[in-house]
Amino acid sequence: MTAIGWLQIILFCIIIVALAKPLGWYMTRVFNGERTFLSPVLRPIEAGIYWISGVDEKREQHWLTYTVAMLLFHVGGFLVIYGVMRLQAVLPFNPAGQGAVAEDLSFNTAISFITNTNWQNYGGESTLSYLVQMVGLTHQNFLSAATGIALAVALIRGFSRASVRTVGNFWVDVTRCTLYVLLPICAVYTLFLISQGMPQTLGDYVEATTLEGAKQTIAVGPVASQVAIKMLGTNGGGFFNANAAHPFENPTALSNFVQMLSIFALGAALTNVFGRTVGNQRQGWAILAVMGVLFLAGVAVTYWAEANGTSTLQTLGLTGGNMEGKEVRFGIVASSLFAVITTAASCGAVNAMHDSFTALGGMIPLINMQLGEIIVGGVGAGLYGMLLFVVLAIFVAGLMVGRTPEYVGKKIEAREVKMAMLAILVLPLMYLGWTAVGVVYPPAVASMANAGPHGFTEVLYAFTSATGNNGSAFAGLTGNTLFYNLTLASAMFVGRFFMIIPAMAIAGSLAAKKSIPPSAGTFPTTGGLFVGLVVGVILIIGGLTFFPALALGPIVEHLAMNAANVF
Amino acid sequence: MLREIRPAIVLLLVLTAITGLAYPLAMTGIAGAIFPAKAQGSLIEKDGKVVGSALIGQEFKDEKYFHGRPSATLAPDPNDSTKTVSAPYNAANSGGSNLGPTSKALADRLKEDVDRLKAENPNAAVPVDLVTTSASGLDPDISPEAAQFQVPRVAKVRNMPEAAVNQLVVSNTEGRLLGLLGEPHVNVLALNLALDRAAAK
């Protein structure tokens, strides 16, 4: 670890905190339907969209209607992606002549993109046409991100409103998020990325003759426009197989730094939206503080482990850290930081191969996802995931003093706690359950790339990533098989919707409650005690659920590595 | 609930058209106008022919060139399309080795490469990036130490003074952005092109 490395990390944190307030201010205005500086241009388009699709923007929805609308929207999105993948051979924008994508792979990818997971069983440049990249993937990157944010906003409304039956209008929230938040930022961001060297072309793959006279086919495409939303919307599905490690998908140290910022930007700003909407920005800062504590602890461990390297490297006298599966222009610190960010958020883009990380360095991304990606988290999903833990923490605090717990003026009662527990328990059921199947079912075992405990970690990582809708991988695992295409899709589906539906049920039940003014007995939820309590609840619940699985994977591998065992 | 079906279909189609077609196509148009070379992939031409991309590494085996990092990229086996074969720097199928920290295959490969490099230049420590594969398999860069390590070999094969080759390495080294972001690196293709130009003089 070096001072200059830590400076990069600190600079990153400062910028994220500095961005949270102005972005939060802007997004609050957008979701309240107030005027913004973009309204003169975008308002007519927005009104036109409502007119043509028959949306009455004044009509709000009950939480159940809101949820059904969201589900219908996803059914449509699924059909679009599945359709263009199966038909890509006969559709335009296919200069490389890619054939139809197989049924199970199309199914997996369609589920993967509507759930904001963007797990890559597809190979990008070797599998997909430009049309699929644009109409299938880029469009769903926008819409799954907009959906996540809309749901978080609906939950925030649940906390802030009193004695009403509605939580907003799904169609309006999605449209506003896409038009006013995602598209304008992406347009500017795309141009920045191209200025760094990212291709944006519909032309053919380039045939080059290298200096030594060999042939090299260089895949290009409309990369920048997709990468912008892939990062901003915490989607993470790569244009290329190697994702953000590919020099075209992340050309410079600056493009890398800005990509890291854009993963966290909206998620961090949503904590500010929460604070503003419930009438006290400090409530938002307290949540961001909980996230910050967990984040910095993770960064420190991964950075330390990767800078230390492996015993294999040390025995051979190789210094400079674990560079297997990392790019020179990023080095140890930017690769470690990226890995923690992408798994803390549910992004899943990678600029280094997590499979080749040291045992402990790779364990932190795993833990980040197993905690439910609540450290900033996926756009929207991170905030509603965190609020579920807040509900539990408040409940625990209430038990300790024997008083009905309350949070931002709302009584937290049996229904909310049950729903929060349901969402939190369903996740380990998926990733632990499927991992158990994956390590005994012979065709699944054959997919492991590494032997020993590392092979187990590959399987655990895959199902954790899918359940958490992250999408990063220990990519040695051969995921494009019938077993993994189907089981991972089920994990992604359950991980997304069995979290969303309970969260929306909480939103509905909170919105219907009366608001009670704080009294002398109210537990203050803006201070250090609250932050410590939430961190504690997250670590205890998380730790009890998945520590045994970690002991079988990365922990035993770390011990084996120190004893110079190889498999 | 039934009245949610129309927006589910129409709004989806409208937003698909905006975000999936209008946005990427508009960006492609603008990019072609403002950054034509970069939008096409930063291609490098020599004598009218494309020799590669400034951002994409390529394989160098010849002793007169600086070598890049090992690459773990694959290509379909020409004899059996269900299998893959090693194809270093395959820019149509990026990827890493994905070998873990306790992998025997990795340990064996590292040992072999370290021994080979030690024989080539016994006077310097082997730089770690010169024996590890990159994440993309297309890393265009090596560390300044990895370039320095190869200076004696290149100078000897080309009959050039080491100081002159060293000078080229230094002038092709890019430092951290603002002295802070990223790591110092040397673009191997750019360095080798500079080397060829210097030799031609």
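Predicted model: local features only at pLDDT ≥ 70, side-chain atom pairs only at ≥ 80, totals over all residues.
Student: How far apart are the end C-alpha atoms of helix α1 of chain B?

Tutor: They are 42 Å apart. Helix α1 covers residues 5-34, and at 1.5 Å a residue its 30 residues should span 44 Å, so the two values agree.

Student: Where does the kink in α1(B) lie?

Tutor: The kink lies at B:A22, shortly before the proline B:P24, and amounts to about 30°.

Student: Now the contact between the chains. How many residues does each chain give?

Tutor: Chain B gives 88 residues and chain A gives 103 residues.

Student: Which element supplies the largest share on the side of chain B?

Tutor: That is α1(B), with 20 residues. Other elements that each supply at least two residues include α2 (36-39), β2 (49-53) and α3 (104-120) of chain B.

Student: What classes of residue does that side of chain B have?

Tutor: The side of chain B that touches chain A has 46 nonpolar, 28 polar and 14 charged residues.

Student: A new topic: where is B:G41?

Tutor: B:G41 sits in the loop between α2 and β1 (43-46) of chain B.

Student: Is B:G41 buried or exposed?

Tutor: B:G41 is buried, because 29 other C-beta atoms lie within 10 Å, and a residue counts as buried at 20 or more.

Student: Which residues does B:G41 touch, leaving out those up to four places away in sequence?

Tutor: In chain A, B:G41 touches A:P199, A:V206, A:I218, A:V220 and A:F248. In chain B, B:G41 touches B:S53.

Student: And how far is B:G41 from B:A198 in space?

Tutor: Their C-alpha atoms are 26 Å apart, and the two residues are 157 residues apart in sequence.

Notes:
Residues numbered from 1 in each chain as written. Chains lettered and ligands numbered in written order. Helix = DSSP H or I, 4+ residues; strand = E, 2+ residues; numbered from the N terminus. Expected span 1.5 Å × (residues − 1). Bend = angle between axes of the 7 residues up to and from the residue. Contact = placed C-beta atoms within 7 Å. Nonpolar A, V, L, I, M, F, W, Y, C, P; charged D, E, K, R; others polar. Buried ≥ 20, exposed ≤ 12 C-beta atoms within 10 Å, placed from the backbone.
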